[in-house]
Amino acid sequence: VLMLIKKISIIHKDPGLLFFLAIVVVIMFYSFGNFGFLNIFDARLPIQITLLSTTGTLFILFFMIYFKKLINEPIFLLVVSFIIMDLFIRFDIKSVIANVITMIVISFILMVKVKYIHLILKGIIYLALIFSLMSILLYIIIINNELDVNSIFISTYFSGSGNDYIPVSNYEYLGFLVNDSGSTLFGQQVYRFKAFASEPSVLVYSILTPGILAIYYKKYLSFSIIMFFSIFLVLSGTIIMSIFLGILFYIAYMLGKRNAKISTGIIWSFLFFFIIFIFFINVSDFMNNVIEFMKVSSSISSMPIQKYNSGVIRLSGLQEAITQISFFGSDSIDHGATGFIIVCGLKSGIIGIVLNFIIFSKLFIYMFTIIKHNKIMLSLLGGVLIQVQFFSAYGWSSFTGLIMITIIYRIIKNEYLNKTLLKEEIIR
């Protein structure tokens, strides 16, 4: 038994094995969740089974070895709370299995050395770049050949497709188009692209966030390409909102007089007043007023006016979700269009809200503390986190969304520790 324990302690520190598991996490990131690239080859389920069967034991090993440390990690505890509520409150075995897999993989990300987190993130950035370039190429093909997109088979891939095979035309091997009537930009007809996601909102964590984090590695070309695709070809309200909320994040930093805790308090105050405001308004009247105000932009783009139905659905969903939160969560958790803190409340009640508050408070404090070292990246990333936390968390409570939150947490925390320790060393 002692020899077995000794072998296990050596194996889980082996650089070659850790490198392999890091690559597996990268592949998992685009193999699970609401991303359907593998579906077009009917390879999603076989790859999932292969990854889990060949590496599951190794990930479980990390979970077992570091369990005592993991119980001090709020992200780990949040996923555990999802599992407990799914098992004893909602009796949803499918969600229990999905969250157990998430918990085990997150255990690896939380406990492995940060250099392997960088490897994982760089791999995700490269894949996000490739998928962005593929969609840009699809756009060029459509424009240059003056193709009628209505004659191109528009993928039926959506969040409920799971591992289903998705038949596509030759063009759609480069990416999926959004199945709507299109929009206008400066009077020209434009079409919305979603790479291989079930809907554009998913691209916030699978494409936009990796693109923003590319700045961390000074990959400015990758950042530019991914941002161009995310903003101008996806034309997603959640992505545009994330960019503008990045300005709010920086304003909070300035208003807090560069005190991280005060700036974090400003963000939470914004959340509190936003929820109170939304809870008491008439959504239809509010959206009518917003659309009326935004008609001045119709000469530039038709997209703001087209967002009426989407706005009503999201705000009405938020109102309904707030009323469904109880001490132990809710039987109904189909509210991905609401903020992540509301989703956590629905999934695991007061415990979920408290753990969410701890996670994001730490993240905001870390980011406000080090923002002067990378203002653009951290402001944009802060905008994403505000949008996710307050407005639309679609996909963020899934395997891939929680993986991205954990990666962000490890990267930002490590940078915070490096900067603060360096400052203390200089003072000494």
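Helices here are DSSP runs of H or I with at least four residues, strands are runs of E with at least two, and both are numbered from the N terminus. The model is predicted, and for that reason local features need pLDDT of at least 70 and side-chain atom pairs count only at pLDDT 80 or more, while totals for chains, interfaces and linings use all residues. Residues are numbered from 1 along each chain as its sequence is written, and side-chain values use heavy atoms, with hydrogens and water left out.

**Exercise 1. Describe helix H9, what covers its buried residues, and the residue with positive phi that follows it.**

Step 1: Helix H9 runs over residues 220-233, and its 14 residues reach 19 Å from the first C-alpha to the last, close to the 20 Å expected at 1.5 Å a residue; the expected span is 1.5 Å times one less than the number of residues.

Step 2: Among the buried residues of H9 are Phe 223, Ile 226 and Phe 229, where buried means under 20% relative accessible area, exposed means over 50%, and partly exposed lies in between, with a 1.4 Å probe and protein chains only.

Step 3: The cover over the buried residues of H9 includes helices H7 (114-144), H8 (203-213), H10 (237-255) and H16 (375-390), and it is judged by contact, meaning heavy atoms within 4.5 Å.

Step 4: After H9 comes Leu 235, with a positive phi near 50°.

**Exercise 2. Find the residues that touch the most other members of the largest nonpolar core, and list contacts of Phe 108.**

Step 1: A nonpolar core is a set of buried Ala, Val, Leu, Ile, Met, Phe, Trp, Tyr and Cys residues joined through side-chain atoms within 4.5 Å.

Step 2: The largest such core has 135 residues, of which Phe 108, Phe 340 and Trp 396 touch the most other members, and helix H15 (residues 340-370) gives the most to this core, with 15 residues.

Step 3: Apart from neighbours within four places in sequence, Phe 108 is in contact with residues including Leu 18, Phe 59 and Ile 120.

**Exercise 3. Classify the aromatic pair of Phe 32 and Phe 399, and say which parts the pair ties together.**

Step 1: Rings of Phe, Tyr and Trp (its six-membered ring) pair if their centres lie within 6.5 Å, and planes under 30 degrees apart count as stacked, over 60 as edge-to-face and the rest as tilted.

Step 2: The whole structure holds 36 aromatic pairs; in the pair of Phe 32 and Phe 399 the centres are 4.9 Å apart and the planes 40° apart, which is tilted.

Step 3: Because Phe 32 lies in the loop between H2 and H3 and Phe 399 in helix H17 (residues 399-427), the pair ties together parts that are 367 residues apart in sequence, and both residues are buried.
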